[in-house]
Amino acid sequence: MHLSVFNLAVVGYVCATGLALAYLIQREEIVYRFASLATLASWALHTVGLVALAIQTGRPPLGSLPESVSTAVWVVVLLDLWIERQYGVKVLGAFVLPVVLVLSLKTIARPTAFAQIGPTLGGAWIWVHIALATVGIAAFVLNFAGALMYILQERQLKGKRPGTFYYRLPALETLDRLTYRTLALGFPFLTVGLVLGAVWAGTAWGSVFAFDPLAMFSFVAWGIYAATLAGRAVAGWHGRRAAYFAVMGFAALVVTLGAGLFLPGRHGS
Amino acid sequence: MPLFVSGLNHRTAPVALREQLAVEEDKLRELLRDVQATGVVGEVVIVSTCNRVEVYGVGEVPGEARAVAFRHLCRHRGVDPAALEPALYTHLDGDAVHHAFRVAASLDSMMVGEPQILGQIKDAFALAQSCETVGPMLHTLFTQAFAVAKKVRTETEIGHHAVSVSFAAVELARKIFAELGGKAVLLVGAGNMGELAARHLVEQGAFPIYVANRTWARAHDMARALSGTAVPFDELSTAVATVDIVITCTGASEPVITRDSVQRIMHGRRGRPLFFIDIAVPRDVEATVNTLDDVYCYDIDALKQVVDANLRERVREAQRAEALVEREVVKFRTRLSDVEVIPTIVSLRERLEGIREGEVRKALARLPGASPETRAAMEALSTALVNKILHAPITKLRESSRTGTGRSWTELVHELFGLRSASRKTDGGWGPRV
C-alpha cells in the first residue's frame, strides 16, 4: 500500500516542482497557489506513506538509507512550507523542490527491502543516530537553497542589470540570515548524529570508518560545515563566502548520500 | 444600454488644450447640474485631471448627450467647440465599460501604473454623487471600476517597481537590507535629488540620518530639514564607517570617496553591507568600490538602468492587467444587462405584492375572529402564490437580458401587467425604455 502512495507523492512533487519553477519565471499569483497546493498535497501523501510504512514494519521509517532520505525529504518539505509562510519567501520552493525531487527519485519510488537493520544492529542508539542525521540533512537542503539564492541575488545586485532573480528573490540580508540559521540548526544534529554513528561503528564494526564510503564522505561534509560555522561565528564570515561554503558542503553531502545509495557499503543500498 | 464615455486625454490632446479644459471643483458642480438639467443625459460623472477630461454619461441618444456635455464644458471654459472636436473620442456601452476600467486601473495613464488616477476618479465620482447626478447605472459602473482597479493592483505588479531614480535607489536598498528601519544614512552634498532619495529612505524608517557638506552651514540646514545630524566634511570616512547607506551628490570634480578608504572601512564592519547611491556627475565615489565584498555602488546610469528594467516589468505587468480587465468587462456586461431588467423586476414584484397585501387585508376584514394561525396561514399562502407566479417571468427576464433581448421583454412585461414606466420619468433614461 505505501509503495503506491509514495509513487503518487513523487508524482505530486514533480508537479509541484514544475509549478514552483513556473512561478519563478511567470510570477502569476495563481501559479504560486497551485504550486503551494501541490506541495501540500504531495507532502500529505508522503506522510500517509511514511505512517503506513512505519505501521507495516513496526518501527520508524528510518530502517534503511533510502527510507531515511525519504524521511529527510519529508522534513525538508515541511520546513520549506513553513519558511515560505513565515518569511514570505515564496520562491523558496523553486530552489528546494528540485533537490527534493532528485533525492526522492532514488529513494521514494523504489524503497528497497526494508528492515535492513538486523538484530545485530539493534539498540536505540542506531535510531537516534539515523534520526539526528536525517534532520541535519533536511536543514542542509534548505541551507543550500538559501545559499544558492544569495549567490544569484548578489550577482544581480553587483551586475546592476536587474533580471528575474532580482525581482523575485528576497533581500540579501534575509537570505544570509536564512543560510546562517539553517546551518546553526543542521550542524548540531549532524554532529551528534555522526558522533553516535562513529561510536556505534567502533563497537559494532570494530573500526570507526570500517571502509564504509558513506561514513568517510560524511566526515568530509561535516568538516566543510564545521569550517563554515567556525568562520561565521569567529571570523565574521558571511554573505558570498559563507554561501559558497554552503554549496560545497551540500555537494559533499550529496556525494555522501550518493555513495551510500549507489556504492556497496555497510549503510546498504 | 445607453452608456457612453466621451473625452480627451494626453494622447489625443496637447497640454495646451487640456489645461484650457481643466475644471475646478466648484465649476464642476455647476457643470454637472447644467448638463443634467438639459434632460438629455440621465446620469453624468465628469472626470477632470491634468491628463484627461472625460464625461461618463447615460443618455437615450449618446451622440446628442455627448454634444450637450461638451457644449456646456466649452462654454464654461471659453473654448471653441470646433477646436475640441478632433481630440474627442467616444466609447459606447461595452467599450465605455472597458475604457472606464482601464482608466481606473491606471492602464490609460501617461505613466502606466501610477496610483493617483484611482483617487482622482473616486473624487470625481463622489462629487457627482453629491450633486445627485449619479444613478444606478453609473453607480454600478464606477464601484465596479474601483474593484477592478484594486484587483489589478493586487494581482499584478503593475505599481510595484520604482520608475524614478530616487525610488529605484530605495528599492535597491530593500534588496540589500531586508528592513530599512534603523539603517543609518549619510547624505554627502546638498543636491535636490540626494535630498529626495534621503527623504524616501526616512519614510521607510531609515534612522539616524547624517549630513556632510563642505559648507558647514549648508550641512546644518539640510540636517535640520531631514531631522538629522550634521557631521564635519573632514570626518567623512569616520561617518561612512558607521552608516549603512551613503548618498552622494556633491559638485566635486574628483571622487570624495575612494576605493582604498572604503576597503579600510570594510575591515571593521564584520560583513555589514554598505550601499553607495552616487547621484553626482562627475561621480563622487570611485566606481571600483563595487568590486569590494559587501559593497554595492550604483551611479546615476546604473540607477537609470534599474528604472528602465522596472519600466519593462511594468509593460509586462500591464499586459497581464489588460487581460484581467478584458475578463472583468465580460463579467460586468452580464451584470449590467441584469441591471437593465432589474427595475422591471422590482416594479413587477411591487405590483403583485400590492395586490396580495390588498386582497389579504380585505379577506381578513371579512374574518374578524380569525386566529393568529389563520392570519399567518393566509399570509404564507398568498406570499407563496405570488412567488410561484413571479418565478417564471423573472427567470425569463434575467435570461433575456443576457441574450440581448431584455428591452423587448421588459416592454412586454410592462404591457402585460400594466406597470407604469414611472422609473423612466423620475430618473430620466434609467430603467426600461418603453
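**View 1. Chain A runs α-α-α-α-α-α-α-α-α from its N terminus.** The model is predicted. Chain A has nine helices and zero strands. Of its 269 residues, 48% are buried. Take the contacts in chain A between residues at least 6 apart in sequence: 76% of them join residues at least 24 apart.

**View 2. Chain A meets chain B.** The contact brings together 16 residues of chain A and 19 residues of chain B. Which helices of chain A each supply at least two residues of the side that touches chain B? They are α5 (124-159), α6 (164-168), α7 (172-204) and α9 (239-262). The most comes from α7(A), which gives three residues. By class, the side of chain A that touches chain B holds six nonpolar, four polar and six charged residues.

**View 3. An open sheet in chain B is built from six strands.** The strand order is β7-β6-β5-β8-β9-β10. Pairing in this sheet is parallel. Which strands are at the edges? They are β7 (229-231) and β10 (295-299) of chain B, and each pairs on one side only. On average, neighbouring strands of the sheet are turned by 20° against each other, direction ignored.

**View 4. Close-up of the pair β6(B) and β7(B).** Strand β6 of chain B covers residues 209-212. Its pairing with β7(B) is in the parallel sense and runs over three bridges.

**View 5. Helices α14 and α15 of chain B cross at roughly 155°.** Two packed helices are described by the angle between their axes and the distance between the axes. Here α14 spans residues 372-403 and α15 spans residues 406-417, both in chain B. Their axes come within 8 Å. Why do α14(B) and α15(B) count as roughly antiparallel? They do so because angles over 145 degrees fall in that class, and these axes cross at roughly 155°.

**View 6. Residues where α14(B) meets α15(B).** From α14(B) come B:P393, B:K396, B:L397, B:S400 and B:S401. From α15(B) come B:G406, B:W409, B:T410 and B:V413. How do the residues of this contact divide by class? Four are nonpolar, four are polar and one is charged.

Definitions and conventions: Residues are numbered from 1 along each chain as its sequence is written. Chains are lettered from A and ligands numbered from 1 in the order in which they are written. This is a predicted model: local features need pLDDT of at least 70, side-chain atom pairs count only at pLDDT 80 or more; totals for chains, interfaces and linings use all residues. Two residues are in contact if their C-beta atoms, placed from the backbone, lie within 7 Å. Helices (H or I, at least four residues) and strands (E, at least two) are DSSP runs, numbered from the N terminus. Ala, Val, Leu, Ile, Met, Phe, Trp, Tyr, Cys and Pro count as nonpolar, Asp, Glu, Lys and Arg as charged, and the others, Gly among them, as polar. Two strands pair if DSSP finds at least two bridges between them. Axes are lines fitted to C-alpha atoms, for helices over the stretch in contact, and angles run from 0 to 180 degrees between N-to-C directions. Angles under 35 degrees count as roughly parallel, over 145 as roughly antiparallel, 65 to 115 as roughly perpendicular and the rest as oblique. A residue is buried if 20 or more other C-beta atoms lie within 10 Å of its own, exposed if 12 or fewer, and partly exposed in between; C-beta atoms are placed from the backbone.
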